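Here is a quick tour for anyone meeting this structure for the first time. Keep the view open as you read, and try to spot each feature as it comes up.

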Amino acid sequence: MNRLSQVDLSQKLPKKKAEERLEAALDRLLRLRLILGGQVGEQRIGPPLCVVFEGWDASGKGGAIKRLVRPLDPRHVRVAQFAAPTYDEKRHHFLWRFWPVLPGWGGMAVLDRSWYGRVLVERVEGFATKEQWSRAYGEIVEFERTLAAEGMIMVKFWMHVSEKEQLKRFRDRANDPLRAWKLTDEDWRNREKRSQYETAVEEMLSRTDHPQGPWHVVAGDDKRLARVTVVETVCAAVEAELKARGHKLDPPSTPVKDD
């Protein structure tokens with residue numbers, strides 16, 4: 001099944017409603033994060049939380065991540081960004097460079113790009129051989145299952161935008177002196193290969209979606225809706241895991257302050 005074509009990119013969320021839902025979700029997230037860290041509740045640390053972001057260039061990953069971590073104490077979350085591997089990193093298995101940023105018990109990490117580069121940009125641009133990226137699907141799934149077996153909560157997002165909306169955002173960036181740095185020649189080249197990337201994305205979604213690490217494809221043409229969807233989805237995943245572990249999630253009688 002073509003998952004990208006099933007996404008309704010025409011969805012929109014009115015500003016007022018989006019603000020209300022986002023604030024409510026951020027309050028939920030803050031309390032859940034403190035429970036995972038052992039700062040509130042039963043005072044014992046919870047499972048690690050890893051949130052993985054992949055998506056088209058200019059699909060809103062940065063804005064979604066910014067909102068996701070907004071209510072959290074910087075000591076309680078790590079945001080890591082991954083670009084092309086360095087010369088030394090290429091000397092190791094492609095998963096090697098991701099281990100150091102993974103969260104331990106009581107920790108949380110947000111990854112802007114991830115190990116899925118092996119089956120996306122490295123596949124399309126020829127940086128990995130067909131044998132390498134073909135076997136990577138199984139390696140990634142086993143990697144994620146290993147992490148889940150140790151207790152990790154993994155939430156994976158593909159931020160999806162239409163080709164028309166992406167072009168609009170590219171042009172907006174190009175005309176904004178404070179954001180032009182975000183747009184590179186490589187972004188334009190990748191856009192020309194969109195059909196090849198779509199093929200790679202569809203295979204990635206199909207072959208690496210599993211119970212311990214399901215994919216959430218986010219409709220991203222409306223930024224407000226995308227940001228709300230991301231935070232609410234993370235909250236739902238954490239709540240489901242905590243409930244399965246027997247944690248009580250009664251709402252606090254007063255707002256939680258993270259200071």
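## Where H2 passes H8

Start with H2 and H8, whose axes come within 9 Å and cross at roughly 50 degrees. Because of that angle, H2 counts as oblique to H8. The crossing is right-handed. Keep in mind that this is a predicted model.

Which residues make the contact? On the H2 side they are Gly-63, Ala-64, Arg-67 and Leu-68, and they meet Arg-227, Val-230, Val-231 and Val-234 of H8. Sorted by class, the contact of H2 with H8 has five nonpolar, one polar and two charged residues.

## Where H5 passes H6

Now look at helix H5 (residues 163-174) and helix H6 (residues 185-192). Their axes come within 12 Å and cross at roughly 165 degrees. Since that angle is over 145 degrees, H5 is roughly antiparallel to H6. This crossing is left-handed.

From H5, the residues Glu-163, Gln-166, Leu-167 and Phe-170 meet Asp-187, Trp-188 and Arg-191 in H6. By class, you'll find three nonpolar, one polar and three charged residues in the contact of H5 with H6.

In soluble globular proteins, nonpolar side chains tend to be buried together. Here, the largest nonpolar core holds 37 residues, and the members touching the most others are Leu-49, Val-51, Phe-53, Leu-68, Val-110, Phe-157 and Val-234. Two or more residues each come from helix H1 (15-37), strand S1 (49-55), helix H2 (61-69), strand S3 (108-112), strand S4 (153-160) and helix H8 (223-244). H1 gives the most, with ten residues.

Leaving aside residues up to four places away in sequence, Val-110 touches Val-51, Phe-53, Ile-65, Leu-68, Val-69, Val-77, Arg-78, Val-79 and Ala-80. There is also a second, separate core of 35 residues, and its members include Phe-94, Trp-133, Ile-140 and Val-201.

Is His-160 buried or exposed? This residue sits in strand S4, and its relative accessibility is 5%, so His-160 counts as buried. Beyond residues up to four places away in sequence, His-160 has contacts with Leu-4, Val-7, Leu-9, Trp-56, Arg-194, Val-217, Val-218, Ala-219, Gly-220 and Asp-221.

Gln-166, back in helix H5, is buried too, because its relative accessibility is 3%. Again not counting residues up to four places away in sequence, Gln-166 touches Trp-56, Asp-57, Val-161, Arg-191 and Arg-194. For a sense of scale, the C-alpha atoms of Gln-166 and Val-231 are separated by 22 Å, with the two residues 65 apart along the chain.

Most residues other than glycine have a negative phi. You'll find Ala-58 in the loop between S1 and H2. With a relative accessible area of 8%, Ala-58 is buried.

Arg-113 is another residue other than glycine with a positive phi, near 75 degrees. Look for Arg-113 in the loop between S3 and helix H3 (121-124). Its relative accessibility is 23%, so Arg-113 counts as partly exposed.

Conventions:
Residues numbered from 1 in each chain as written. Predicted model: local features only at pLDDT ≥ 70, side-chain atom pairs only at ≥ 80, totals over all residues. Heavy atoms only, no water. Core = buried A, V, L, I, M, F, W, Y, C linked by side-chain atoms within 4.5 Å. Buried < 20%, exposed > 50% of the residue type's maximum accessible area, 1.4 Å probe, protein only. Helix = DSSP H or I, 4+ residues; strand = E, 2+ residues; numbered from the N terminus. Contact = heavy atoms within 4.5 Å. Axes fitted to C-alpha atoms, helices over the stretch in contact; angles between N-to-C directions. Parallel < 35°, antiparallel > 145°, perpendicular 65-115°, else oblique. Left-handed = near helix turned anticlockwise from the far one by under 90°. Nonpolar A, V, L, I, M, F, W, Y, C, P; charged D, E, K, R; others polar.
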